[in-house]
Amino acid sequence: STGIVAATPFPAEYDREYVAPVSLGTPAQELNLIFDTGSSDLWVFSTSMPAAQVAGQKLYNPSGSSTSAVLWGHTWSIQYGDGSRSSGTVVNELVTIGGISYASQALEIANGVSAQFSQDPASSGLLGLGFSILNTVIPTSQKTWFDNVLPTLAAPVFTVDLKRAAPGTYTFGAIDASSYAGKIEYTPIDNSNGFWRLQASGYQVGTSPFQPTTIDAIADTGTTLLMLPAAIVKAYYAQVPGSQLHASYGAYTFPCSAKLPSFTFGIGRYRGVIPGAFVSYGRIDATTCYGGIQDQGNLPFSIFGDILMKAQVVVFDAGRTRIGFAAK
Ligand SMILES: CC[C@H](C)[C@H](NC(=O)[C@@H](NC[C@H](O)[C@@H](N)CC(C)C)C(C)C)C(=O)N[C@@H](Cc1ccccc1)C(=O)OC
């Protein structure tokens, strides 16, 4: 089987996150979830959440579904790199994405979430697309929806085609040859830590010469920005007049009037180009904009987040433990 769903950016002014529809239970309850290759829990806002933690999100109601079955004694608790967190209990439930169903998916029901989630009406939870080793359910960890449906897919892949300020797609079991230009360049991934972890071969700022250097990064659709080593970030903003490491935001900002250079990353000999306009994340005030490229700080790896993804078609190939990039 193959399936495709729309990936819609929120909010309209800047692409902070991308959500896609997931059908839960019988009759189907459709919720919009963040598809997150940087984690491996499928969790949703539910009717067992305190009202104070809900602000417009659609809630999953297990007692409204004839196919929901409590996974007794199982709980989960997760913390993300930005400090956000959620936790709760578990049911087995019918979960369908793009027409592809799995009848007894571990569906994690939140009974508590941090402010970052409570204050985000666009998302009713997350669908983890990382490797199942990262799943947080105890006492027995659970498999991701993608792992569960993998044997039924026409090909053991999913393809991510995010767009700037426009709906893109997540495709399961296929690669849409009309969605990209040229060839897909693949590179092996190391999934031993549960991430889609790759080694890029270098970078280039604008039309400056390509700098060969190994960049150890994870591909994370759930991270908004492109998080890189300090030296690379400095080299980028050195070419942006008026940019600064803004003291109060602890992040690079620049005058919205600035003309941003493109950012190129290497995968072997392949060069992936992120247009300069994609590197502006959003307006802070009348004249100041927030950089889409930021310092990875003390993270043990770089993060190829949405700022990079939306400039490419990215193939997550679980069958051959590799990831592919193509221009579009
Ligand atoms: C199972 C936990 C998942 C895998 C969690 N994953 C992540 O945090 C990764 N993805 C982060 C998510 O994409 C997040 N931005 C989604 C939004 C909607 C909240 C980061 C590292 C790129 C993680 O590693 N959490 C760390 C905590 C952490 C991570 C990074 C920095 C600081 C602290 C942990 O607890 O791991 C056991």
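Me: So helices (H or I, at least four residues) and strands (E, at least two) are DSSP runs, numbered from the N terminus; where does that put Ala-165?

Reply: Ala-165 is found in the loop between β9 (157–163) and β10 (166–172). Before going on, please keep in mind that this is a predicted model, in which local features need pLDDT of at least 70 and side-chain atom pairs count only at pLDDT 80 or more, while totals for chains, interfaces and linings use all residues. Residues are numbered from 1 along each chain as its sequence is written, and side-chain values use heavy atoms, with hydrogens and water left out.

Me: OK, and what about the phi of Ala-165, positive or negative?

Reply: Ala-165 has a positive phi of about 55°, although this residue is not a glycine. Most residues other than glycine have a negative phi, and most peptide bonds are trans.

Me: Which peptide bonds are cis, then?

Reply: One of them runs from Phe-10 to Pro-11, with omega near -15°, and Pro-11 belongs to the loop between β1 (3–10) and β2 (17–24). Another runs from Thr-26 to Pro-27, with omega near -10°, and Pro-27 lies in the loop between β2 and β3.

Me: Switching to the ligand: which residues come nearest?

Reply: There are 19 residues around the ligand (a heavy atom within 4 Å), and those that come nearest are Asp-36, Gln-79, Gly-81, Asp-220 and Gly-222. The strands β3 (29–36) and β5 (69–79) each supply at least two residues of this shell.

Me: How many of the shell residues are nonpolar, polar or charged?

Reply: The shell divides into 9 nonpolar, 7 polar and 3 charged residues, where Asp, Glu, Lys and Arg count as charged and Gly is among the polar ones.

Me: Where do the two cysteines lie in the chain?

Reply: The pair links distant parts of the chain, 33 residues apart, with Cys-256 in the loop between β16 (251–255) and β17 (263–267) and Cys-289 in strand β20 (residues 288–291).
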